[in-house]
Amino acid sequence: MLFANDLTPGPQLVKALRARLILEGQSLEEWSKARGVWRQNLTKALLGEWEGPRAEELVSEAIAFIREGTVC
């Protein structure tokens, strides 16, 4: 299980999402395509380099997905 205490945009959020996806047998590429965005744009949103309504929506979805598999 993952520990996700500080889920704010940055490198740790990217790592947490990748770890959660690995648990599900998915890739960042697949997850981003399912949401209609390029993997590179998703990564920029997760790092906080891309801001705006769509980026915020993706970050919120990622955090919710990560928290589904967390311990704390």
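These legends describe close-up views of a predicted model. Local features need pLDDT of at least 70 and side-chain atom pairs count only at pLDDT 80 or more, while totals for chains, interfaces and linings use all residues. Residues are numbered from 1 along each chain as its sequence is written, and side-chain values use heavy atoms, with hydrogens and water left out.

**View 1. Packing of helix 1 against helix 4.** Helix 1 (residues 11–24) packs against helix 4 (residues 53–67) at an angle of about 50 degrees, and their axes are 9 Å apart. The two helices are therefore oblique to each other (under 35 degrees counts as roughly parallel, over 145 as roughly antiparallel, 65 to 115 as roughly perpendicular and the rest as oblique).

**View 2. Residues in the contact of helix 1 with helix 4.** Contact, meaning heavy atoms within 4.5 Å, is made by Leu 13, Ala 16, Leu 17, Arg 20, Leu 21 and Glu 24 of helix 1, and by Val 59, Ala 62, Ile 63, Phe 65 and Ile 66 of helix 4. By class, this contact has 9 nonpolar, no polar and 2 charged residues.

**View 3. The aromatic pair of Trp 31 and Phe 65.** A search of the whole structure finds 1 aromatic pair (ring centres within 6.5 Å; planes under 30 degrees apart count as stacked, over 60 as edge-to-face and the rest as tilted). The ring centres of Trp 31 and Phe 65 lie 5.8 Å apart with their planes at 45 degrees, so the pair is tilted. Distant parts of the chain are linked in this way, since Trp 31 belongs to helix 2 (residues 28–34) and Phe 65 to helix 4, 34 residues apart.

**View 4. Burial of Trp 31 and Phe 65.** Trp 31 is buried, with a relative accessible area of 2%, and Phe 65 also counts as buried, at 13% relative accessibility (buried means under 20%, exposed over 50% and partly exposed in between, with a 1.4 Å probe and protein chains only).

Technical notes: Axes are lines fitted to C-alpha atoms, for helices over the stretch in contact, and angles run from 0 to 180 degrees between N-to-C directions. Helices (H or I, at least four residues) and strands (E, at least two) are DSSP runs, numbered from the N terminus. Ala, Val, Leu, Ile, Met, Phe, Trp, Tyr, Cys and Pro count as nonpolar, Asp, Glu, Lys and Arg as charged, and the others, Gly among them, as polar. Rings of Phe, Tyr and Trp (its six-membered ring) pair if their centres lie within 6.5 Å; planes under 30 degrees apart count as stacked, over 60 as edge-to-face and the rest as tilted.
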